2 protein chains.
Amino acid sequence: MITESIPGVTLRTKAYVYFDGKCVSHSFTLPDGTAKSVGVILPATLTFNTGAPEIMECVAGSCEYKLAGSDAWMTSGPGERFHVPGNSSFEIRVRDVYHYICHFG
Amino acid sequence: MITESIPGVTLRTKAYVYFDGKCVSHSFTLPDGTAKSVGVILPATLTFNTGAPEIMECVAGSCEYKLAGSDAWMTSGPGERFHVPGNSSFEIRVRDVYHYICHFG
């Protein structure tokens, strides 16, 4: 199932722009204070570092990703999620546009 | 005054990507159903067409803009807004990154 919209959030208006705009995200909080973000990654191969563990949920498009310590590129498409440990990193390879929700913790 | 966050919104998770990613926006609705969006424009000179009238509110960075039928480039910075008539167009020139809220109507 694809999460098309999220109700009741407090949206931060200023975006985060990473890698010269190859990744753009807007952060928000749920009523209980939980922080998340929505974003897009444009065609690129990028490496992200994590502080807290992250769950990347695809809402449109797709990506390939490779977790630190793995040699395997995996694919993630609409409605699918992948988990990234905290204090780690992952590579992500996007050919079209990858739309995601990032959940922390 | 800068609008740093907007509470109580329903956020659409899939972004709109324009001009090969030079403009990325996420749309949302207020509790009363009013539609708005937050977005960023990366360094570029772009032309946007309007259907409904739009008010562009800068929340960070800055832009220069020129409305259809005008020869004057105007500057818009944090906390400032400019109005664009409906069924019209405007050029926008961004040197750094322009973060905005788009209000319709």
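In which strand of chain A is the place of A:Y16? In this predicted model, A:Y16 lies in strand β2, which spans residues 16–18 of chain A, and with a relative accessibility of 33% A:Y16 counts as partly exposed. Together with A:Y18 and A:F19, A:Y16 forms a nonpolar patch on the surface, the three residues having about 270 Å² of accessible area together. A:Y16, A:Y18 and A:F19 also belong to one aromatic cluster, which includes A:F48, A:Y65, A:F82 and A:F90.

Over all chains, the count of aromatic pairs comes to 14. One of them joins A:F19 and A:F48, whose ring centres are 5.2 Å apart and whose planes stand at 85°, so that the pair is edge-to-face. This pair links distant parts of the chain, since A:F19 is in the loop between β2 and β3 whereas A:F48 is in strand β5 (residues 44–49), 29 residues apart. A:F19 is partly exposed, at a relative accessible area of 39%, while A:F48, at 16%, counts as buried. In chain B, the rings of B:Y18 and B:F48 likewise form an edge-to-face pair, with centres 6.4 Å apart and planes at 80°; here strand β2 is linked to strand β5 across 30 residues. B:Y18 is partly exposed at 36% relative accessibility, and B:F48 is buried at 14%.

Chain B is superposed on chain A by a rotation of 180° with 0.0 Å of shift along the axis, at an RMSD of 0.0 Å, which is the relation of a two-fold axis. The C-alpha of B:G8 is the nearest to this axis in chain B, at 2.3 Å. Because 100% of the interface residues of chain B are also interface residues in chain A, the copies meet through the same surface.

Definitions and conventions. Residues numbered from 1 in each chain as written. Chains lettered and ligands numbered in written order. Predicted model: local features only at pLDDT ≥ 70, side-chain atom pairs only at ≥ 80, totals over all residues. Heavy atoms only, no water. Patch = residues over 30% accessible without salt bridge, like charges linked within 9 Å, V, L, I, M, F, W, Y side chains within 5 Å. Areas by Shrake-Rupley, 256 points an atom, 1.4 Å probe, with all protein chains shown as cover. Salt bridge = Lys/Arg side-chain N within 4 Å of Asp/Glu carboxyl O. Helix = DSSP H or I, 4+ residues; strand = E, 2+ residues; numbered from the N terminus. Buried < 20%, exposed > 50% of the residue type's maximum accessible area, 1.4 Å probe, protein only. Least-squares fit on C-alpha atoms with pLDDT ≥ 70 in both. Contact = heavy atoms within 4.5 Å. Phe/Tyr/Trp six-rings, centres within 6.5 Å; stacked < 30°, edge-to-face > 60°.
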